[in-house]
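Here is a short briefing for a first look. Please view the sequence and structure, then read on.

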2 protein chains.
Amino acid sequence: MNKVQICYSPALYPHYHADEQIVVVVDILRATSAMTTAIAHGAEHIVPVAKLFDADDFRSRGYLVAAERDGKIVEGYELGNSPYSFMGDAVKGKKIVLSTTNGTQAIEAAREAHELLIGAFINITAIAGYLKSKNKDVLILCAGWKNRFNLEDTLFAGALSELLLANDAYSSDDDAVRAAIILHSHAAGNYYDFLENSSHRKRLGKLDLKRDIDYCLSRDLVNTVPILKEDRIVDAKTLFQPA
Amino acid sequence: MNKVQICYSPALYPHYHADEQIVVVVDILRATSAMTTAIAHGAEHIVPVAKLFDADDFRSRGYLVAAERDGKIVEGYELGNSPYSFMGDAVKGKKIVLSTTNGTQAIEAAREAHELLIGAFINITAIAGYLKSKNKDVLILCAGWKNRFNLEDTLFAGALSELLLANDAYSSDDDAVRAAIILHSHAAGNYYDFLENSSHRKRLGKLDLKRDIDYCLSRDLVNTVPILKEDRIVDAKTLFQPA
């Protein structure tokens, strides 16, 4: 029987780390939604970086350079973390380097995981399918907001826990899983309204990002499973089916 | 307007620390319920210690020595953290030193707080009244289980948040508060049944501690507010009304 657990903050990851466990990192608004979009739209790979980095160095090596802090594009970088920046010809075949307020910190925290996947509502069913095929313990790592608990990542964690626990191969005795499932059921499928008063939706609302939020809260727009290999996020498919 | 926030793990406290904020530490099963019981029953003071300590040293200074790990009394110490051990003549006028798996770690984490109170269901209304009289920002610090999220402390945090937010002097934009209030409302007043599948209730259930759990989940059995002064937990009343 495989265990499902949820960690509500990157700062708590050391208390949840275990060998052989697959970690799903989620930062719904918007880092992991944007990363998943880029990989689904054919980006060659993404280098996630916790700290702000030398943009010129990466530019000279042919990278698209993206950095977001507090919901805004950082000055001196081309892109932030809006998923609409990571679609179509803008990213197809491209290499991307990205630093964000929370998502890339969570990836950094769990870099030593057995496998590390990038999850979002837009690929939740694909993630659940991949996990079931691997038959390992699962830890869902919420990026939160500056190491604090947030609701949107918790909703995703509850939704993914439900998908896994519907399968006989998974069980959980983790209070965080129970809480997330209750909160997800409370949202009753209407994530947007449920999150109306959440702290980060309000923060982004002030930046006029309703279109981004709508996109990030939509389920199963793509069928892609991004996975960390060495220091790069790539499409899990490419690991088994070389082009 | 005073803010209400919840921190779900002692390990996250540095991300919530603020000057002038009153911290309420809670470890419902059973450390803060036991400490509150001891102070309500007339213990002179309690020294909370994160690590196991030299029992003989404290004994020679007239202390009752108590230590619990994983729900059990540690060998070589007289008491664990059962609230029934801290009642009546056993504690009246006594000095107590106590180390527990989670509660005393949470106190250690927040030792530098402006004020640190010991909260439990058994004194929740007294705590809310004290806080309102102080008119400061409030952080509820859940001890959790070995730095992980747990449900029983979250229920308390939701209940106390509700009591405070019913008052115009308090507001919150913290997602953790919203989540705890939803979870508390989901329990619908029946904490015992709600926690039936919680990880720690099961852990204690195996140790046959149903009577302790019933007691710890009862509201307003006492009217005492324990507060940390220097390295000692005392009755807040004694700070203003010397005997």
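Which residues of helix α4 (residues 124–134) of chain A are buried? They are I124(A), A126(A), I127(A), A128(A), Y130(A) and L131(A). Buried means under 20% relative accessible area, with a 1.4 Å probe and protein chains only. Helices are DSSP runs of H or I, at least four residues, numbered from the N terminus.

This is a predicted model: local features need pLDDT of at least 70, side-chain atom pairs count only at pLDDT 80 or more, and totals for chains, interfaces and linings use all residues. Residues are numbered from 1 along each chain, chains are lettered from A in the order written, and side-chain values use heavy atoms, without hydrogens and water.

**A helix pair in chain B**
- The axes of α5(B) (residues 151–165) and α6(B) (residues 175–187) come within 7 Å and cross at roughly 105 degrees.
- Axes are lines fitted to C-alpha atoms over the stretch in contact, and angles run from 0 to 180 degrees between N-to-C directions.
- The two helices, α5(B) and α6(B), are therefore roughly perpendicular, a label for 65 to 115 degrees.

**Cysteines**
- Zero disulfides are found over all chains; a disulfide is a pair of cysteine sulfur atoms within 2.5 Å.
- For C7(A), the nearest cysteine sulfur is that of C142(A), 7.6 Å away.
- C7(A) counts as buried because its relative accessibility is 0%.
- For C216(B), the nearest cysteine sulfur is that of C142(B), 15 Å away.

Definitions and conventions
Buried means under 20% relative accessible area, exposed over 50%, partly exposed in between (1.4 Å probe, protein chains only). Angles under 35 degrees count as roughly parallel, over 145 as roughly antiparallel, 65 to 115 as roughly perpendicular and the rest as oblique.
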